[in-house]
Structures are given as C-alpha cells and as structure tokens.
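My notes follow in the order I looked.

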Amino acid sequence: MEGLNFIGAGLAAIGSGAAAIGVGNVAGNFLAGALRNPSAAASQTATLFIGIAFAEALGIFSFLVSLLLMFAV
Amino acid sequence: MATETHGAEPVAESGGLVFHPMDQFIVKPLFGHGEVGMFTITNVTLWLFLAIVAVVLMMVLGTSKRAIVPSRSQSVAELAYGFVYKMVEDVTGKDGLKYFPYIMTLFMFIVFANFLGLLPMSFTTTSHFAVTVVLALAVFLTVTILGFVKNGASFLGLFWVSSAPLALRPVLALIELISYFVRPVSHSIRLAGNVMAGHAVIKVFAGFAAIAAISPISVLAITAMYGLEVLVAFIQAYVFTILTCVYLKDALHPHH
C-alpha cells in the first residue's frame with residue numbers, strides 16, 4: 001500500500017481544475033454582464049472579486065488536501 | 001511540513017531538480033542552528049518585522065510632511081489610504097468606517113508581506129498557515145464579539161433566513177452555521193494557499209532551468225509566473241480585506 005498517498009494527491013489536484021472552471025465562469029459572466037451595461041460594471045468589481053475568492057477557496061482546499069497527502073500522511 | 005528538511009537529494013544525472021520546491025518555506029533560526037522554540041528569532045520573525053518597518057516607513061515617513069502638493073511617497077500613501085477607505089465605505093457602509101483603522105492595518109500588512117516575499121532569496125511569511133490563521137482568527141473573533149455586543153441575541157438572526165419558507169429555515173440555519181464557522185478556515189487558507197502555490201510553482205520551473213534543452217522555456221515560464229504572482233500578491237491582500245469588510249457588515253447588520 002506504499003505510495004497510494006501520491007495517487008490520492010494527484011486525484012485531489014483534479015479539484016484545482018474544477019476551481020479553474022468555476023473562476024472562469026464567474027469572470028466570464030461578469031464580463032458578459034459588464035459589456036451589456038458598462039456603466040454598472042465599476043460598482044460590481046468588489047462582488048466579482050468576492051465571487052472569485054469563494055470559487056477559488058474550494059480549489060485551494062483540494063490543493064491543501066494534496067499537500068497533506070504528500071507531506072503529512 | 002515547515003520544519004521538515006528536504007534538500008538532501010543528490011544532483012540528478014541529467015541536471016534537473018536538485019532542490020525541493022518546498023524548501024523555501026522551511027523555518028530556520030536566524031542565529032545559530034538550534035531548535036525552533038516558542039521565542040526563537042527565526043527568518044519568519046525577521047520578514048514579519050521587515051513588513052511592519054516597510055509599512056511604517058511608507059505611511060508615517062511618507063505622509064510626515066503633509067505637503068499640499070504631495071511627493072511621490074506621499075501620493076502612494078494617500079492612494080492606499082483612499083483605496084481602503086472607499087472599499088470599507090462601499091461594502092460596510094458609513095457605520096463601518098469606525099473600524100477602518102483595523103482594516104487598513106490588515107491590508108497594508110498583508111500587501112507588504114506578500115510583496116516582500118516576492119524578492120529573490122526572501123522568505124514569504126504569508127505562505128505559512130501559522131501567520132494567516134492568526135490574522136483570520138483575529139478577524140473572526142473580532143467580528144463575532146462585535147456582532148454580539150452591537151446586536152445582542154438578535155445577532156443570531158444571521159443564521160435564521162427569514163425570507164425562506166418556514167419549513168426550510170432550520171436546514172438553512174444549519175448550513176449558515178456551518179458556513180459561518182468555516183469562514184476563518186477558508187479566509188486563512190485562501191491567502192496562504194495562493195501564495196504558497198505560486199512560490200512553489202516558480203521553484204518547480206527553476207528546477208527545470210538546470211536542464212539545458214528546456215531552460216529557455218523554463219526562464220520564460222518563471223518570468224510569466226512571477227508577473228502573475230505580483231498580481232496575486234495584491235489581489236489576495238485585496239480579497240482578504242474585502243472579505244473582512246463583508247464579515248464586518250454581517251456583524252453590524254445581521255438580518256437577511
């Protein structure tokens with residue numbers, strides 16, 4: 001059973017890709033909305049960053065899981 | 001992880017990775033080679049101190065002349081002040097401005113710690129969970145205590161979504177409660193994880209630079225990643241601060 005933690009770490013890294021999809025979705029939808037109504041875009045940049053941060057946090061969690069599997073288990 | 005010592009790997013035959021990418025995060029005593037105890041002065045201590053010195057230099061010395069036509073350092077300090085002030089005002093509202101000094105301190109400290117960590121051979125303090133967890137727990141405790149002091153028991157209305165159907169409310173209350181207590185976890189891990197991941201990726205590419213065939217690509221990749229890291233260093237400080245503002249707004253106005 002040696003080395004299975006490395007496989008687990010690799011599997012956990014899939015979560016980073018999923019977070020990338022999420023962040024791209026947030027930013028893309030923001031851009032689509034901003035191009036429709038550019039005058040309202042500036043007031044929503046804070047919301048954009050909060051949305052990106054929440055989407056990204058879950059990817060960072062999976063990164064953390066893989067780090068734990070690599071170094072702590 | 002931090003106190004583990006890698007780096008004893010021999011030079012690979014084809015060149016390549018001769019150091020571990022996580023070696024840069026090892027906490028070492030600044031003087032001598034003893035154990036790292038509770039009060040040992042380590043490289044973390046040094047770089048945390050340097051971040052504070054940099055903030056003081058910019059904000060105190062930069063604005064000390066109070067010139068009407070600002071000098072370069074004064075305009076940077078004014079820009080930073082105005083940026084955070086507007087952020088607090090936009091997100092928290094007028095009554096949140098009372099807590100502006102704390103948020104300004106957080107923002108300046110994290111920005112400078114992140115940027116100092118980008119200097120070659122420096123130590124990135126914000127890549128350590130020990131540092132960011134303290135910052136995030138301070139925010140969490142402040143906001144929770146403030147919520148109860150300001151609103152009393154009605155602060156618990158934060159968890160009771162009154163716009164939802166009655167049958168759903170207990171379920172939503174449970175979810176809201178869990179998400180409230182996950183806040184300090186995600187708040188701290190987001191900052192440390194982003195900074196650590198970026199620095200580790202740069203080191204991985206630096207390892208490839210020793211292989212002659214792919215070294216130009218590696219140097220290009222390091223340059224690109226470094227540019228991204230400069231952006232991330234600022235954006236993560238911004239995100240940390242703006243989430244603090246959001247939590248503060250929840251504490252001051254707990255009703256949905």
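I began with helix α4 of chain B, residues 129–151. The model is predicted, and I kept that in mind throughout. I counted 23 residues in this helix. From first C-alpha to last, α4(B) reaches 32 Å, close to the 33 Å expected at 1.5 Å a residue.

Next I checked what follows the helix. Just after α4(B), B:G152 takes a positive phi of about 65°.

Which residues of α4(B) are buried? I listed B:V131, B:T132, B:L135, B:A136, B:V139, B:F140, B:V143 and B:G147. The spacing made me recall a general point: an α-helix has 3.6 residues a turn, so residues three or four places apart point the same way.

I moved on to the largest nonpolar core, which has 47 residues. B:F107, B:I110 and B:F112 have the most contacts inside it. Chain A's α4 (45–72) gives two or more residues to this core, and from chain B so do α1 (43–61), α2 (72–92), α3, α4, α5 and α6. The largest share, eleven residues, comes from α6(B).

Last, I turned to the contact between the chains. Chain A brings twelve residues to it and chain B 15 residues. On the chain A side I noted eleven nonpolar residues, one charged and no polar.

How values were computed:
Residues are numbered from 1 along each chain as its sequence is written. Chains are lettered from A and ligands numbered from 1 in the order in which they are written. This is a predicted model: local features need pLDDT of at least 70, side-chain atom pairs count only at pLDDT 80 or more; totals for chains, interfaces and linings use all residues. Helices (H or I, at least four residues) and strands (E, at least two) are DSSP runs, numbered from the N terminus. The expected span of a helix is 1.5 Å times one less than its number of residues. A residue is buried if 20 or more other C-beta atoms lie within 10 Å of its own, exposed if 12 or fewer, and partly exposed in between; C-beta atoms are placed from the backbone. A nonpolar core is a set of buried Ala, Val, Leu, Ile, Met, Phe, Trp, Tyr and Cys residues joined through C-beta atoms within 7 Å. Two residues are in contact if their C-beta atoms, placed from the backbone, lie within 7 Å. Ala, Val, Leu, Ile, Met, Phe, Trp, Tyr, Cys and Pro count as nonpolar, Asp, Glu, Lys and Arg as charged, and the others, Gly among them, as polar.
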